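Please read it alongside the sequence and coordinates.

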Amino acid sequence: MADTFQLAVLNPRWGRGQETPGEDPLVTGKYAVSYVRGVQGDAFQGGGKLRGKLQASACCKHFTAYDLDNWKGVNRFVFDARVTAQDMADTFQPPFQRCIQDGKASGIMCAYNRVNGVPSCADYNLLSNTARRQWSFHGYITSDCDAVSIIHDNQGYAKTPEDAVADVLKAGMDVNCGTYLRNHTKSAVEQKKVSVSEIDRALHNLFSVRMRLGLFNGDPKKQPFGNIGPDQVCSQKHQDLALEAARSGIVLLKNKGKRLPLQRSKSTSLAVLGPNANNAWKLLGNYAGPPCKSVTLLQALQSYVKDTRYQPGCDDVACSSPSIAQAVEVAKAADHVVLIMGLDQTQEREDFDRVDLVLPGKQQEFITTVAQAAKKPVILVLLCGGPVDIRFARDDQNIGSILWAGYPGEAGGMALSEIIFGEHNPGGRLPVTWYPQEFTRVPMTDMRMRPEPSTGYPGRTYRFYEGQSVYEYGYGLSYTEHSYKFISVTKELFYLNLFPKSQPDEASDASPRYRPVSDLGAEFCKKSKFEVTFEVKNHGDMASKYPVLLFVRHAKPSSGSPMKQLVAFQSVELKGGETVEVILALNPCDHLSRADENGVMIIEEGWRFLEVGDQEYPITVMA
């Protein structure tokens, strides 16, 4: 009935970061909208082509500020996420808002954790005021599994089980994943802690979604989606899509001296080393179903090079006792060396966060020793969901190329091989910031986005982080060079005082003047939309496909402002030597605003720069 998906990752150590689209709220929101529309059977552009009916019910989770599972004795069942109104407004909530308002999701899952002292599933302001009233959510709200029980059993927020039942039903939750409501709702009614009308409301929300799914319309096989069978799961179309998804997500982090792509030759020999090389399950990550085909990266590379020698080097990714000497001998004898290292589900998963950002065990020693012994600079492939501090590899001249594949799925082995041998040009971009190991000094329990220089707190995500990065958000290389050129911006000057509904707040000389977006009104936002047009040129011979990212940067950011913000992106495909024109639409109310300390979205006066690649274009806001 329901398909659930995770929204954003904001901490690099979180074990479930691999389940998310990344750290940026715009990307995460757009991902949510597309995911929901696809699952529920709507058109890609929306519009409700099923007229209220559902192919399946999509559920956005975990609502909200869920960014810690189990870290140094603090677990998600008792964690109290302290989140400012400012961070809530422009970081944690926007993806959920887009999921509900634009995607029209029919389900929400409230999280285990508390937010500012209140359990998410017992938060009336979150579930009823925000989701249902402000965002016009129509659907069911479910708890995470056993999240109602922990309100009494673990958190002690409710004095009795009946109080816990009353808290969640009155807050607006409709169904419990677990047995707590089944066991304690009757006694809660008898004790007059829950009214029958609150149960009726929950049943109304649940059964309305079941009706939209057609569960009461007779023989399922005679319904619009009644003949979707297992044979459609592994169709050729779906397997091709899995391969394309894997290709698109792989990121080239380093390619010194154009070490990649390798040339195919009958006389070439290849050494494949590493604990992630010959296990197809390592490609899948968590929450994965059985693959249609299981092809390891070793098997895929063997299809390109007949003379391929394999040595795992480590028994597993923990790599406590590496066979360095044996691996060195294999590497010395080969023309090219590919090291397949990184993490797996023993290092990061649900209920298991990392405490370090470096590669586990003796992987670094293994990699550097093999690289030093090889005939040519080696190729390092990393399988991992979260970021790792690989400055040693980034700066090592004996490591020619680095590829990050995430957990690329069943077709990941073939996709990586195609990229290594030049049949596909890598175009992926990092969806998260890669922090140095020093970032682990910041407790995972610190949920602040904004930096605090007085205490040395560096902030989090590319929008606010002031420290040094191993690799920045959106980073990714290609086998070809691209250049950018702004062509036109249809609106370069914005006057906030042309549509006054109230006078702007007074500000000191040190603070820019601003207007709340709500004061500007819908008419201003509609009339102020503008388009940005620029050219992208492929200077190489190889075709490329990759996302073009458009950022906005404030010339003089005020306290609390993002250093820069992704405002639009678009995938482009270019033949060798081709130039294409990209047009992106922006709205100042969405793309030039930020949250103030009270969580109110405002637009500040001042210069901004539109940024694409290494090009900038100035625009001005006048208050």
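F216 is found in the loop between α8 (196–212) and α9 (236–249); helices (H or I, at least four residues) and strands (E, at least two) are DSSP runs, numbered from the N terminus. This is a predicted model, in which local features need pLDDT of at least 70, side-chain atom pairs count only at pLDDT 80 or more, and totals for chains, interfaces and linings use all residues. Residues are numbered from 1 along each chain as its sequence is written, and side-chain values use heavy atoms, without hydrogens and water.

- F216 has 45% relative accessibility and so counts as partly exposed (buried means under 20% relative accessible area, exposed over 50%, partly exposed in between; 1.4 Å probe, protein chains only).

**Disulfides**
- The structure holds 6 disulfides, each a pair of cysteine sulfur atoms within 2.5 Å.
- One of them joins C60 to C99, with an S to S distance of 1.7 Å.
- C60 lies in strand β2 (residues 57–63) and C99 in helix α3 (residues 94–101), so this pair ties together parts that are 39 residues apart in sequence.
- The torsion about the S-S bond of C60 and C99 is about -40°, so the disulfide is left-handed.
- C60 is buried at 0% relative accessibility, and C99 is buried at 0%.
- Another disulfide links C234 and C292 at 2.1 Å, S to S, and is left-handed with -90° about the S-S bond.

- C59 is in no disulfide, and the nearest cysteine sulfur, that of C60, is 6.7 Å away.
- The sulfur of C384 is too far for a bond, because the closest cysteine sulfur, in C319, is 15 Å away.
- C384 is buried, at 0% relative accessibility.
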